[in-house]
Amino acid sequence: MGRAFVYVILGGGVAAGYAALEFTKKGVSHGELCIISEETVVPYERPALSKGFLLPEAPARLPEFHTCVGANEERLTPKWYKEHGIELVLGTRVKSADVRRKTLLTATGETISYRVLIIAIGARALKLEEFGVNGSDAENVCYLRDLTDATRLVNVMQSCPGGNAVVIGGGYIGMECAASLVINKINVAMVFPEAHCMARLFTPKIANYYEEFYKSKGVKFVKGTVLSSFDFNSEGKVTGVNLRDGSHLPADMVVVGIGIRPNTSLFEGQLTLEKGGIKVNGRLQSSNSSVYAVGDVAAFPVKIFGDTRRLEHVDSARKSARHAVAAIMEPDESGEFDYLPFFYSRVFTLSWQFYGDSAGEVIHFGDFSGTTFGAFCVSKGYLVGSFLEGGTKEEYEAIAKATRLKPPVEDLAELERQGLGFALTVSQKPSPSSVVEVNGSELILERPLYAWHATAGVIVAASIAAFAYWYGRRRRRW
Ligand SMILES: Cc1cc2nc3c(=O)[nH]c(=O)nc-3n(C[C@H](O)[C@H](O)[C@H](O)COP(=O)(O)OP(=O)(O)OC[C@H]3O[C@@H](n4cnc5c(N)ncnc54)[C@H](O)[C@@H]3O)c2cc1C
């Protein structure tokens, strides 16, 4: 026995929430759409788990951060799904899929069939055991991927006030958790094999800034080595961490953030895979035309760079989900997904954004002894990536727009001299026509035709920007 739906979203994370909202905007009928998720709650903004959720005072709790509040859109509570006739199959893992028969088999033994499937099953946290270290199941060893993990992390943190935490991994999760632990007055040592934190994105100079900031908050860095084993007490709790370089760290708790692996196993041998994810085209459609993939699990063509990439960031999950739904519901009106990669993080009082690609030569700019600095990435004579810490809303918009325009950079020394001013100038420059050719891809720019249109436009835009800024400061950010 089973149920049949026109549209099924497999997975109930960030992409699922944004896809559901888009389906309702495009006029899905009651009873047509179903979401199947292993999690017991409706989709939420996952980034909140390593930020607001871990705060000691007034921590964020559901229903506060259900999707789609992260993009200033509606907050989709269970009631919202009910009112829109969206079937929720929560707390249910899909254990096999048959894309030829268009069916999914759940762990409870139900067969759910679809006409169109959107795969939004994200990724799972890599376990220490996959690197030959045992101890993941100790009660004070924490991972952070979902609400259950985050709730456990909070409980463990509260069980050892003023204690010692060892954070394994110097990436996103490690850095954000370390900051939250410090805010909770826990002593933190971070251990990672690389020469500096955020090794995949930060340059040594940028990483040094954050590491010094963390050190000023009491964080200890142990770099260039890895975990080799844990010490346990008689109750099976971890009491210490042994490192491959022979050193030892005391531990009342351990947080592991050593990377993720996309959840592709259900579809291996059925769909084409690439870059560790499910390969899709510019419509987010997989090698089976009835199956779409979005978010962390999808490897999609990034037009601006002319290659296929799999991203592990919330903005791409949100936008790929929306685009897939548009491609399904309005196939003639939706074009190819044209995405500019965007990542961000907020720790302590710091906040950075990155747009584009971290390829090529890096030109740093700004005041690294102050609060605002950044870097440009220049590849084959074009600006391809921009990083900015401590920017204003306008400055972040400028680096995003400049990176999207991919302007030529002839003189790196001049780029360094101009710094952020380069992005501000490029982003404001009126283009000779409303269509700019950027390395083979067309970018439509809005340009008022008459002067008074321009003036009115500027006034309206400024008012909207001022309101958005004021509103943004009032509401919590995820
Ligand atoms: C703690 C944390 C903080 C983050 N912070 C940031 C940040 O600051 N900035 C940023 O850009 N990105 C951040 N990210 C990354 C971002 O959250 C992800 O890129 C985003 O959640 C991906 O969305 P998704 O829908 O593809 O996958 P997910 O949100 O992971 O959702 C996948 C869903 O599928 C379900 N699922 C998986 N397998 C099955 C199955 N077999 N059957 C049923 N259901 C299944 C899962 O239970 C889950 O509900 C963070 C991630 C984490 C974990």
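A residue counts as buried if 20 or more other C-beta atoms lie within 10 Å of its own. Arg318 has 25 other C-beta atoms within 10 Å, so Arg318 is buried. The model is predicted.

**Arg318 and its surroundings**

Arg318 sits in helix α6, which spans residues 314-329. Setting aside neighbours within four places in sequence, Arg318 is in contact with Val14, Tyr18 and Ala71. Thr67 is 251 residues from Arg318 in sequence, yet the C-alpha to C-alpha separation of Arg318 and Thr67 is 9.5 Å.

**The ligand shell**

Around the ligand there are 35 residues. Gly11, Gly13, Ala15, Gly122 and Gly295 come nearest. Three elements, α1 (14-25), α6 and β22 (342-347), each give two or more residues to this shell. By residue class, the shell divides as follows.

| Class in the ligand shell | Residues |
|---|---|
| Nonpolar | 17 residues |
| Polar | 10 residues |

Strand β4 covers residues 94-98, and strand β5 covers residues 103-106. The two pair in the antiparallel sense, over four bridges. Ala97 has Leu104 of β5 as its bridge partner. Four residues stand between the strands of this hairpin. Lys102 takes a positive phi there, near 60 degrees. In a regular strand, side chains alternate between the two faces of the sheet.

How values were computed
Residues are numbered from 1 along each chain as its sequence is written. This is a predicted model: local features need pLDDT of at least 70, side-chain atom pairs count only at pLDDT 80 or more; totals for chains, interfaces and linings use all residues. A residue is buried if 20 or more other C-beta atoms lie within 10 Å of its own, exposed if 12 or fewer, and partly exposed in between; C-beta atoms are placed from the backbone. Two residues are in contact if their C-beta atoms, placed from the backbone, lie within 7 Å. A residue is near a molecule or strand if its C-beta atom, placed from the backbone, lies within 6 Å of it. Ala, Val, Leu, Ile, Met, Phe, Trp, Tyr, Cys and Pro count as nonpolar, Asp, Glu, Lys and Arg as charged, and the others, Gly among them, as polar. Two strands pair if DSSP finds at least two bridges between them.
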